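Here are my notes for you, to be read with the model open beside them.

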Protein chains: 2
Amino acid sequence: MSQYHALSEQEAVEYARNIPNFFPEGAEFVSREIGDGNLNLVFHISDKVSGKSLILKQALPYAKVVGESWPLTLDRARIESEVLLLEASLCPELVPHVYTYDPALALTVMEDLSDHTIMRRGLIEGNRYPLFAAHISHFLAKTLFYTSDLGLNQQEKKLKVQQFINPELCKITEDLIFDHPYWNAETNNYNPLIRKEVEQIWQNDKLQFEVAVLREKFLTHAQALLHGDLHTGSVFITARSTKVIDPEFGFYGPMGFDIGAVIANLLLNYAGQEAWIADEKARHDFREYLLETIRDIWTLFAEQFQAHWTQDGVDRLSKVAGYREDYMLRLLQDSIGFAGSKMIRRIIGLAHVADIQSILDLEARARSERIALSIGESLILLNRHAHSIEEVIDIAKGALTE
Amino acid sequence: MSQYHALSEQEAVEYARNIPNFFPEGAEFVSREIGDGNLNLVFHISDKVSGKSLILKQALPYAKVVGESWPLTLDRARIESEVLLLEASLCPELVPHVYTYDPALALTVMEDLSDHTIMRRGLIEGNRYPLFAAHISHFLAKTLFYTSDLGLNQQEKKLKVQQFINPELCKITEDLIFDHPYWNAETNNYNPLIRKEVEQIWQNDKLQFEVAVLREKFLTHAQALLHGDLHTGSVFITARSTKVIDPEFGFYGPMGFDIGAVIANLLLNYAGQEAWIADEKARHDFREYLLETIRDIWTLFAEQFQAHWTQDGVDRLSKVAGYREDYMLRLLQDSIGFAGSKMIRRIIGLAHVADIQSILDLEARARSERIALSIGESLILLNRHAHSIEEVIDIAKGALTE
């Protein structure tokens, strides 16, 4: 089994059986392939006798999106597994446990989280996760601080930059987030009812300028090891537990990109609620909950990040008067800019989010899309001038009354 | 000869003899070891019969500075030779030709440039190099543009970032340029007569803040493949020819660091001329020549860099209105900040420059050092607010009248 080939279900079960010290003798295996088949095979393998289970995730050598297929490096399985291990060393309770990684098969064997829900699904259904802000801010503060030059020996950090060079998956982001949505690219995919708003974005020079600067940061600012794709579809959640999954886009980039991804996806749900909650009061309340979550995420993140800074800062110059405050402000500004760009791509670009895309009535969907575009645009135009997370909340509220 | 060991002179000659198609049959070899013995062995090997010659440069596994010795990676020989080859692909006339590189021996065989002078020496002697500004601006524009995301496919660029990760040599810069000069570090080495000025720098919070931000850029902004140590001691020169040597500090960093290094070293010579040219009019004229060279370097660099941008920009977003102008302004600002930090380290830090250090009279030297510190400090405080290279020239002129 050492040469790469896509596993059959039977081979997956055999692989699982041979993992040392996991399944007991006499296990009776049940296997289901639960991946979406676009990028990876995902086998859920359980033993009816002991009740134990695990996940085998195998990268496929191509990506399938809207029917098209292009080759995609298997190295992303290595990156995913190595990022997970690194994250586990910092906040083990917030990522799935990795049992083993098999480079030849591009295969990661990891903890089964079937008792969790994909957070995006949960939010669409109107569920609240009161611990999410605390959990994700903890994840962000730990992973971003301790992989950066602030919290990690600067020579070790350079070796990690080298370890996590990820050209192919970064290219997906560079094209689909920072380029195609801003002109009439073939990959774009948007509701014809918002054509006017889309064209306005294509003609907005000031917006395009800010996106160019954000893109430059994504291309050049190797601040910390990012998850790289931290939307609510990459979060498994219950009332008590949060698990961040799928870091195959991991690389050294600007911290604000991860923080902004979380904010953007909460705001996309905020926009989508136009259609999901009919009762006006209930909708308003849920949106208030989402905005409060955003406020809490930034506030708790900033608190913890700065606590790490004070306690574990490895850099003499990080103690210089005014530097930390300036750094945090730039971090907030980046987060806001990246949040905006992550919203716009989900409305105009190739890949959409179920919070909005699964609104079947096109008129209703267009209302949510206009809210999302308006927030995204305002955040991008604000970014380098922002001073407080409250400005994000004001923008989100204002977008409902336009 | 495949295992690493420091070559004897006899072994160096044998090595040279065996290089294919270089020296003719019956060559009569003369060899001189011309390195300073601190970091590298440098053998100059020539054939008395044909007159042909070449340089064997071998990295030593340690560095010796002011009597101390610490281990230093041999990988720097690979980096030096690979940077030279990459630079040669962009501007072959401005770097020594590499005949071969032997990784096992950390040995580069390259063109003999003995007919050139080290530029620092030439400037101390009061020589002018009217073609230098054109040559070095060409070098900077080519190497910085075509290794950046602006001029190179962004996925290839990431692989080059990986290829040129250079932790050990970057650490020397991080410590000796961006850290130690700003507090009472043991490695510092300064003229006791300027103790007051040095202590003022240690107490200047605003300056320390700017240095922290510059250091952060050095640590995180992977803009382009830098030479990394582009002072006038890394330039071999004649009236007609300029050759940039010794890129062992090469890595992906902020472009302004290379541009700033050139500016800083011209200004250090400017400060040192206090002692070298006795005649006031002649001194004034030489200094005007140095300032004009700085103006020309920036102006010609900016012209050529933008010409490459227009002609060979690979990035759609680089055409966005206002982006190029903004980029060039930030590049100027970075260059000014890094120039200032490279001046201060040469006065307070471990490694000094002959332009000033070889002034034997301590009082006279202190006068030059005060000029250099004053310019360096002003450039650092100016950096993020600068709008024109003329501000650099005004600062340099102003420092003479303080």
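This is a predicted model: local features need pLDDT of at least 70, side-chain atom pairs count only at pLDDT 80 or more; totals for chains, interfaces and linings use all residues.

1. Start with the core. The largest nonpolar core has 220 residues, and the members that touch the most others are Leu267(A), Phe305(A), Leu267(B) and Phe305(B). As general background, nonpolar side chains in soluble globular proteins tend to be buried together. Leaving out residues up to four places away in sequence, Phe305(B) touches Ala141(B), Leu144(B), Phe145(B), Leu150(B) and Met255(B), plus Tyr327(B), Met328(B) and Leu331(B).

2. Next, a helix pair within chain B. H13(B), residues 362-382, packs against H14(B), residues 389-399, at an angle of about 150°, and the axes are 9 Å apart. Because of that angle, H13(B) counts as roughly antiparallel to H14(B). The crossing of H13(B) past H14(B) is right-handed. On the H13(B) side the contact is made by Ile371(B), Ser374(B), Ile375(B), Ser378(B), Leu379(B) and Leu382(B), while H14(B) brings Glu391(B), Val392(B), Ile395(B), Ala396(B) and Ala399(B). By type, the residues of this contact split into 8 nonpolar, 2 polar and 1 charged.

3. Now a pair that joins the two chains. H5(A), residues 154-163, and H8(B), residues 205-220, have axes that come within 11 Å and cross at roughly 40°. Gln154(A), Lys157(A) and Lys158(A) from H5(A) meet Arg215(B), Leu219(B) and Thr220(B) from H8(B). What is the make-up of the contact of H5(A) with H8(B)? The residues there divide into 1 nonpolar, 2 polar and 3 charged.

4. Have a look at Asp355(A), in helix H12 of chain A (residues 354-357). Is Asp355(A) buried or exposed? Asp355(A) has a relative accessible area of 0%, so it is buried. Apart from residues up to four places away in sequence, Asp355(A) touches Arg120(A), Ile124(A), Leu268(A), Asn269(A), Gly272(A) and Trp276(A).

5. His352(A) sits in the loop between H11 (323-348) and H12 of chain A. Its relative accessible area is 18%, and the cut-off for buried is under 20%, so His352(A) is counted as buried. The C-alpha atoms of His352(A) and Asn189(A) are separated by 8.5 Å, although these residues are 163 apart along the chain. Asn189(A) is also among the residues that His352(A) touches, together with Tyr190(A), Arg346(A), Ile347(A) and Gln357(A), not counting those up to four places away in sequence.

6. In chain B, Ile344(B) belongs to H11(B), residues 323-348. Ile344(B) is buried, at 0% relative accessible area. Setting aside neighbours within four places in sequence, Ile344(B) is in contact with Pro181(B), Tyr182(B), Ile201(B), Leu207(B), Gly349(B), Leu373(B), Gly376(B), Glu377(B) and Ile380(B). From Ile344(B) to Lys157(B), 187 residues apart along the chain, the C-alpha separation is 32 Å.

7. Thr108(B) is in strand E7 of chain B, residues 107-111. With 2% relative accessibility, Thr108(B) counts as buried. Beyond the residues up to four places away in sequence, Thr108(B) touches Ile55(B), Leu56(B), Lys57(B), Ala77(B), Ser81(B), Val98(B), Thr100(B) and Tyr101(B).

8. Two backbone spots deserve a check. Most residues other than glycine have a negative phi. Asn21(A), however, has a positive phi near 60°, and Ala106(B) has a positive phi near 50°. Asn21(A) lies in the loop between H1 and E1 of chain A and counts as exposed at 80% relative accessibility. Ala106(B) lies in the loop between E6 (98-102) and E7 of chain B, and is buried with a relative accessible area of 0%.

9. Last, Glu25(A), in the loop between H1 (9-17) and E1 (29-33) of chain A. At 83% relative accessibility, Glu25(A) counts as exposed. Glu25(A) and Glu87(A) are 62 residues apart in sequence, with 32 Å between their C-alpha atoms.

Terms used. Residues are numbered from 1 along each chain as its sequence is written. Chains are lettered from A and ligands numbered from 1 in the order in which they are written. Side-chain values use heavy atoms; hydrogens and water are left out. A nonpolar core is a set of buried Ala, Val, Leu, Ile, Met, Phe, Trp, Tyr and Cys residues joined through side-chain atoms within 4.5 Å. Buried means under 20% relative accessible area, exposed over 50%, partly exposed in between (1.4 Å probe, protein chains only). Contact means heavy atoms within 4.5 Å. Axes are lines fitted to C-alpha atoms, for helices over the stretch in contact, and angles run from 0 to 180 degrees between N-to-C directions. Helices (H or I, at least four residues) and strands (E, at least two) are DSSP runs, numbered from the N terminus. Angles under 35 degrees count as roughly parallel, over 145 as roughly antiparallel, 65 to 115 as roughly perpendicular and the rest as oblique. A crossing is left-handed if the near helix is turned anticlockwise from the far one by less than a right angle, and right-handed if clockwise. Ala, Val, Leu, Ile, Met, Phe, Trp, Tyr, Cys and Pro count as nonpolar, Asp, Glu, Lys and Arg as charged, and the others, Gly among them, as polar.
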